[in-house]
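User: I'd like to learn how to read surface features in a model like this one. Can you take me through it step by step?

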Amino acid sequence: LKDQQTCIDVELDEIDEKMDELAAKKKALINERTAVTADINSAETASANWQDESTAELEQDIANIDAINTKVRANAEKNRVQAEADELAGQYGDLTQQIESVKEQRMKLLDSADMIVRKKSRSRHQKQKRRSGRLARFRKE
């Protein structure tokens with residue numbers, strides 16, 4: 001019986017050791033679980049705040065970029081229109097010079113034509129006088 005009691009005592013001691021080991025393991029797992037839960041909660045809170053802040057910041061950045069792009073497009077359009085206006089002004093100046101040149105040539109032609117007409121007119125008048133003079137001489141004879 002004593003041997004049986006000793007075996008039971010040994011077995012109980014082994015069970016107590018196992019229980020102590022399991023209790024320590026249980027406590028360690030509970031602590032680890034608590035730490036993991038705290039990390040999860042912290043990460044969820046941080047990510048929720050980060051997403052909200054990040055979205056708002058991104059939206060503001062996009063709005064700023066759109067505003068800048070609008071200004072850049074407006075400046076590019078202004079430069080294009082100014083370049084076109086400069087080109088048209090140059091064409092206007094060239095065409096004005098051409099018109100003035102044509103006017104000058106026309107005036108020269110008109111002046112020379114007027115002189116020719118006057119000369120022709122004088123020579124016709126002189127020819128008529130000569131004819132009249134000849135006719136008058138012819139009639140007198």
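User: Let's start with E14: how much relative accessibility does E14 have, and what does E14 count as?

Analyst: The general idea first: buried means under 20% relative accessible area, exposed means over 50%, and partly exposed is in between (1.4 Å probe, protein chains only). E14 comes out at 45% relative accessibility, so it counts as partly exposed. E14 lies in helix α1; helices (H or I, at least four residues) and strands (E, at least two) are DSSP runs, numbered from the N terminus. Keep in mind that this is a predicted model, where local features need pLDDT of at least 70, side-chain atom pairs count only at pLDDT 80 or more, and totals for chains, interfaces and linings use all residues. Residues are numbered from 1 along each chain as its sequence is written, and side-chain values use heavy atoms, with hydrogens and water left out.

User: Which residues gather with E14 in the patch of negative charge?

Analyst: A patch is made of residues with over 30% relative accessible area and no salt bridge; like charges are joined within 9 Å, nonpolar side chains (Val, Leu, Ile, Met, Phe, Trp, Tyr) within 5 Å. Lys and Arg count as positive, Asp and Glu as negative, while His and the chain ends are not counted. Each charge is placed at NZ of Lys, CZ of Arg, CG of Asp or CD of Glu. Here, D9, E11, D13, E14, D16, E17, D20 and E21 form the negative surface patch.

User: And which residues make the nonpolar patch?

Analyst: I8, L12, I15 and M19 make that one, with an area of about 370 Å². Accessible areas come from the Shrake-Rupley method with a 1.4 Å probe, and for residues only the protein chains shown count as cover. I8 sits in helix α1, residues 2-140, and it is partly exposed because its relative accessibility is 45%.

User: Now the charge pairs. How many salt bridges does the structure hold?

Analyst: Side chains of opposite charge can pair when their charged atoms come close. The cut-off for a salt bridge is a side-chain nitrogen of Lys or Arg within 4 Å of a carboxyl oxygen of Asp or Glu. The structure holds three. R80 meets E77 at 2.6 Å, N to O, and R80 also pairs with E84, with the closest N and O atoms 3.0 Å apart. The remaining pair to look at is E100 with K103, at 3.9 Å, N to O.

User: Why are E100 and K103 separated by about one helical turn?

Analyst: Because they're three residues apart in helix α1. Salt bridges that share partners also join E77, R80 and E84 into one network. E77 and R80 are likewise three residues apart in helix α1, so about one helical turn separates them. E84 and R80 are four residues apart in that helix, about one turn.
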